[in-house]
Amino acid sequence: MKVGYAYSQKLIEVADKLPSNVGRASRVQSLINAFGLLDNCDLLEPVECSKQELCAYHDQEFIEYLLNVQNSDSYSEDYEELKELYGLQYDCPEFEGLADYIKLVCGATLSCADYLIINADQPRVSINWTGGRHHAKRASSSGFCYVNDIVLGILRLRTKFDRVMYIDIDLHHGDGVEAAFARSQKVMCLSIHRYDKGFYPGTGNAESVGKGNGEGYTVNIPTKRGLSDQTLQMIFDDIVEPRINLFGPDAIVVCCGCDGLSRDQHGEWNLTMTGIEQAVKRILDFKKPTMLVGGGGYHHPDTARCWTLLTALASGVDSNEFKEIPESDEFFEEYVTDAYQFLVTATANLDDENRAS
Ligand code: FE2
């Protein structure tokens, strides 16, 4: 399918500043460029989204705070109190360029939604690897996520598409998106994630199935440690594909977080990039208008590899030809530990506890 790809130099610059993933956006973009993948895509240059667009979901005072915090007086009386109220502590520290980051990353996701809307008669794929901030809530930042571009994107898609399905294969529960649509019959949120006592964000047990009229339209698939490619495919066989068939979405949004990869510093899941590729292929095979967004992924070279693979998959480029990291990649030397090989499919020495049950 034809792919719309959200890109501008400024988008990469601001996304590079995200404190949890400093420099990741550059690495992802450089590898995608090195394989020439943008030649096959429609480039979507993101426009900074407006305060009004952010408030389509978020609380206005929260947004005003986020957009102005960098200019505010850190000695003012309520500074600490507001920081706590809006979640700008611990894993969401304020950083230089925060306002630009929020406006452009969300603008990029809205561009991706608009691309699917404009081409609704011919299903397309759109991609924003800087997006996927699935933990942010209506009035607070959380878990490296300042505002929830996914919720904004789904709301925009809903102006054209009646039913939207959200599928989240990031290691962590897609709690922010679920919270936004828990009462909706029009947006089905399905999240596959690691779930355990003390594991962030602590929500997403199998009994959480939506609220009120939305009961039955939230699907949670909690997993144990060591999730393997094989088990992920079984989850797709048994739950994901049947749910897509049953719900019959008019558009799909996928959070493609890579923190479940075997070499991610979390060390919780044991997926390979081909396992993630296969999962996303199964979603794309439904041939619905589909938006792919990023998410977690803290092993930056592997995240760059995986999202490059997914970009090739979506745009119909044969990635079997991708043998070595091209020397034109600005970060070429960071791949030396794997002898510059593109495809890395080694798994960790970690039992798949999901198979024993
Ligand atoms: Fe995550």
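Me: What makes the largest cavity, with its volume of about 150 Å³, a cavity?
Reply: This is a predicted model. In it, the largest cavity has a volume of about 150 Å³. It is called a cavity because a 1.4 Å probe fits there but cannot get out.

Me: How do you know that Trp129 belongs to the lining of the largest cavity?
Reply: A lining residue has an atom within 4 Å of a point. The largest cavity has 18 such residues, and Trp129 is among them. Ala15, Arg24, Ala25 and Thr130 also lie nearest its centre.

Me: Which helix or strand gives the largest share of that lining?
Reply: α2 does, with four residues. β1, α1 and β3 also supply at least two residues each.

Me: Why are 12 residues of the lining of the largest cavity called nonpolar?
Reply: They are counted so because of their residue type; Ala and Trp, for instance, count as nonpolar. The rest of this lining is four polar and two charged residues.

Me: What makes the second largest cavity count, with its volume of about 50 Å³?
Reply: The count takes cavities of 30 Å³ or more, and it comes to three.

Me: Why is the largest pocket called a pocket?
Reply: Its set of points is open, with protein on both sides within 12 Å along at least five of seven lines, so it is a pocket. About 220 Å³ of space lies in it. The largest pocket has 15 lining residues, including Leu309 and Asp318. α11 gives the largest share, three residues.

How values were computed:
Residues are numbered from 1 along each chain as its sequence is written. This is a predicted model: local features need pLDDT of at least 70, side-chain atom pairs count only at pLDDT 80 or more; totals for chains, interfaces and linings use all residues. Side-chain values use heavy atoms; hydrogens and water are left out. On a 1 Å grid over the protein atoms alone, a cavity is a set of points where a 1.4 Å probe fits but cannot get out, and a pocket is an open set with protein on both sides within 12 Å along at least five of seven lines; lining residues have an atom within 4 Å of a point. Grid points are joined across faces, edges and corners, and a volume is the space filled by probe spheres set on the points.
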